[in-house]
Amino acid sequence: MPKPLTVERFAPGVLSLLCGLLWFLYEKAIPASFSKELLAAILSAAAICAGFLTTALTIVMSLGTTAVGRRLARRGRLKYLFQYLKSAIHSSLLLSLVCLGGFFFIDDQAGIIGLPSSALVAALVYSGATISRIVGILVEVMTQLSEPEQKDG
């Protein structure tokens, strides 16, 4: 049985590969009727997420001076927080690049098919999973920061 930290670390990658592979094996496609609009919307959302996550990074960088940050560092978890945040930023940028590339693979009749379609699904799932992971952790950290300091700090 894998440890929760192992699942937390590898779940976004495994989930995205699984979804992309299933999309490819079932020969799913993104219809031409809305593929351009979908790519544009995802591209905008991914860029906005990358910006917000970069802002969160600047806030988290000062975390080491707090009691919560010292406790995370002592337990060896602070490095994961930074890795997860970096992963979420990179996944948003990757999703933006995949969307930009997707515009070159739109077939006027079929839409986006095959490998480009699967890559988009995999990148979308990966980005969503990494963002969801870091948001959950950041909410927990911010909740602990808002509580009065404990004596055992």
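How many aromatic pairs does the structure hold? Keep that in mind as you look around; the model on your screen is a predicted one.

**Stop 1: the tyrosines**

The answer is one aromatic pair. Select Tyr80 and Tyr84 to see it: their ring centres are 6.2 Å apart and the planes meet at 35°, so the pair is tilted. Both residues belong to helix H4, where they sit four residues apart, about one turn of the helix. Tyr80 and Tyr84 are both buried.

**Stop 2: the largest nonpolar core**

Next, select Leu53, Leu63, Leu81, Leu85, Ile134 and Leu138. Within the largest nonpolar core, which has 17 residues, these six touch the most other members. Colour four helices to see where the core comes from: H2 (35–60), H3 (67–74), H4 (78–102) and H5 (114–146) each supply at least two of its residues. Helix H4 gives the largest share, with seven residues. In general, nonpolar side chains tend to be buried together in soluble globular proteins.

Zoom in on Leu63 for a closer look. Leaving aside residues up to four places away in sequence, Leu63 touches Gly69, Leu72, Leu78, Leu81, Val141 and Leu145. Then move on to a second, separate core of 10 residues; among them are Ile30, Ile106, Leu120 and Ala123.

**Stop 3: helix H1**

Select residues 4–25, which form helix H1. This helix has 22 residues and reaches 30 Å from its first C-alpha to its last, close to the 32 Å expected. Follow H1 along to Phe10, where the helix bends by about 50°. A proline, Pro12, follows within four residues of that point.

Which residues of H1 are buried? Highlight Pro12, Ser16 and Gly20 to see them. Show H5 as well, as the buried residues of H1 pack against that helix.

**Stop 4**

Finally, pick Glu27, which lies in the loop between H1 and H2. Is Glu27 buried or exposed? It counts as exposed because its relative accessibility is 71%. Check the backbone here too: phi of Glu27 is near 50°, a positive value in a residue other than glycine. For background, most residues other than glycine have a negative phi.

Conventions: Residues are numbered from 1 along each chain as its sequence is written. This is a predicted model: local features need pLDDT of at least 70, side-chain atom pairs count only at pLDDT 80 or more; totals for chains, interfaces and linings use all residues. Side-chain values use heavy atoms; hydrogens and water are left out. A nonpolar core is a set of buried Ala, Val, Leu, Ile, Met, Phe, Trp, Tyr and Cys residues joined through side-chain atoms within 4.5 Å. Buried means under 20% relative accessible area, exposed over 50%, partly exposed in between (1.4 Å probe, protein chains only). Contact means heavy atoms within 4.5 Å. The expected span of a helix is 1.5 Å times one less than its number of residues. The bend at a residue is the angle between axes fitted to the seven residues ending there and the seven starting there. Rings of Phe, Tyr and Trp (its six-membered ring) pair if their centres lie within 6.5 Å; planes under 30 degrees apart count as stacked, over 60 as edge-to-face and the rest as tilted.
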